[in-house]
Amino acid sequence: MMPTHAGESRTLIASAVLLAAAPTSGHAQTIVEIDDRVGCPECAIEMGPTVTLAPPTNQVWFESINGVNVARDRVGNYIVSQVEGDGVIAVFSPDGEYRSSYGRVGGGPGEFAARLPLLVEVGESDVLYVIDPLHLHTLSPQAQGMLEQARMPVRPTDAVALTGGIAVQAAVRTEAGNATIQVLGRDGTIERSIGVSETSAAPSEFDLESRRVLGRSNDHRDVWSANVNRYRLVRFGLDGEEKTRIERDAEWFQPYSAVDPGSPFRAPVKPSVVGIHQDANGLLWVAVVRPPSAFTPLAPIRGGRSEMPMNAYLDLNRFLHTTVEVLDPVAGELIARREFGEYVMFASSPGDELFVFSLRADSLGRLDCLVRPLELRRQ
């Protein structure tokens, strides 16, 4: 349920007009600055019931916290990549029951290039787009079989399925500069390059200035983009024009150009934007990974060397906590904030609902995936 803070109806009407406006120039039409003041103190981000995805370990299992992506289709099934064991992708029912697995690693038709984090997006009619480091795979609903496989000229690190194509984060050098977002056709070719910055430096997948996280607009026609190393959100039309730019002014999130050596285990991580979701009311939900308030290194350093354990499971939830914020791009307000004492990520979904997931080890050390809906409510 949406909160009804003062001026809400006016804000939502203005939001609909603003976010649907067609661009007229190559510059952002609207620049919004949002500070750290909470515009709706009585609003809260609440979690709904938890669904536990517990795969049968004799068939498939989760290997690590940071190697999993979750997508939810229109009937509530959960498609998870990647898993280990008898498949690369696993499908779970809306209540978390394991249903099936699909795929294997290899270089042939219908095979996935590597067991690296695979990007999974749900397209129209619940067709699945799965992206490995080399290929764009189009799968039938619930990963029942491969429909198409196409070689890509880029190595994406994020992706969203839109009405007009598949937008991926991958820096490409163009005549105008480095384009950080590519719109792909189902044949894997680049149809358009957007998010161009005028620079002479060649793009690099390890360059923080060219690394982005993507989210779709609530009408599924535009793409939201944010640098991972600065709290700036930009809405692009697929023609490349900026429609809205949001500058988030937060003392706890200062832009940076390099990652501290040894983070997150020997040094605290720097805040990083890891998720964007726009709901039906035009509000933006943003997930930011942050260090815990009381960071302690994984192991003490003795004799100039850190005593890192070898072949031991590392619980990233000890070192990566998450802040989820709700922003109103029209009112220019921070509506609500919630802190999570674990590594929380947004699940991809073609609907308006927002789901987050996290991985936790059970008493036997096996990883389960917990999926929960988030809602904004007035208390």
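## Terms and model

A residue is called buried when its relative accessible area is under 20%, exposed when that area is over 50%, and partly exposed in between (1.4 Å probe, protein chains only). The model is predicted: local features need pLDDT of at least 70, side-chain atom pairs count only at pLDDT 80 or more, and totals for chains, interfaces and linings use all residues. Residues are numbered from 1 along each chain as its sequence is written, and side-chain values use heavy atoms, with hydrogens and water left out.

The pLDDT is the predictor's confidence in each residue, from 0 to 100. For the protein chain its mean is 87, and 86% of the residues reach 70 or more. Over residues 1-26 the pLDDT is below 50, and this stretch has 46 contacts in the model beyond near neighbours in sequence. A contact here means heavy atoms within 4.5 Å.

## The disulfide

A disulfide is a covalent bond between the sulfur atoms of two cysteines. The search criterion is a pair of cysteine sulfur atoms within 2.5 Å, and a search of the whole structure finds one. Cysteine 40 and cysteine 43 form it, with their sulfur atoms 1.9 Å apart. The torsion about the S-S bond is about 60 degrees, so this disulfide is right-handed.

Cysteine 43 has a relative accessibility of 8% and counts as buried. Cysteine 40, at 0%, counts as buried.

## Salt bridges

Side chains of opposite charge can pair when their charged atoms come close. In a salt bridge, a side-chain nitrogen of Lys or Arg lies within 4 Å of a carboxyl oxygen of Asp or Glu. The structure holds 22 of them. One joins arginine 104 and glutamate 111, whose closest N and O atoms are 2.7 Å apart. Arginine 104 is exposed, at 56% relative accessibility, while glutamate 111 is buried, at 13%.

Glutamate 342 forms a salt bridge with arginine 360, the closest N and O atoms being 2.9 Å apart. Glutamate 342 lies in the loop between strand E27 (333-340) and strand E28 (345-346), and arginine 360 lies in strand E29 (residues 354-361), so the pair ties together parts that are 18 residues apart in sequence. Strands (E, at least two residues) and helices (H or I, at least four) are DSSP runs, numbered from the N terminus. Glutamate 342 is buried, with a relative accessible area of 8%, and arginine 360 is partly exposed, at 37%. Glutamate 342 also forms a salt bridge with arginine 372, where the closest N and O atoms are 3.1 Å apart. Arginine 372 is in strand E30 (residues 367-378), and this pair is 30 residues apart. Both glutamate 342 and arginine 372 are buried. Elsewhere, salt bridges that share partners join Asp36, Arg248, Glu325 and Arg337 into one network.

## Arginine 216

Arginine 216 lies in strand E18 (residues 212-216) and is buried, at 11% relative accessibility. Its side chain makes a polar contact with the side chain of glutamate 121 at 2.4 Å. A polar contact is a pair of N or O atoms within 3.5 Å; within protein, one must be able to donate a hydrogen and the other to accept it, and residues adjacent in sequence count only if both atoms are side-chain atoms. The side chain of arginine 216 also reaches the backbone oxygen of serine 349 at 3.0 Å.

## Nonpolar cores

A nonpolar core is a set of buried Ala, Val, Leu, Ile, Met, Phe, Trp, Tyr and Cys residues joined through side-chain atoms within 4.5 Å. The largest has 29 residues, of which Phe62 and Phe357 touch the most other members. Strand E3 (51-53), strand E6 (78-81), strand E8 (89-92), E29 and E30 each supply at least two residues of this core. Apart from it lies another core of 18 residues, among them Val32, Ile34, Leu284 and Leu327.

## Backbone exceptions

Most residues other than glycine have a negative phi, and most peptide bonds are trans. The peptide bond from serine 81 to glutamine 82 is cis, with omega near -15 degrees. Another cis peptide bond joins serine 263 and proline 264, with omega about 5 degrees.

Alanine 143 has a positive phi, near 50 degrees. Alanine 143 lies in the loop between strand E12 (135-139) and strand E13 (146-151) and is buried, with a relative accessible area of 4%. Histidine 220 also has a positive phi, near 65 degrees, and is found in the loop between E18 and strand E19 (223-227).
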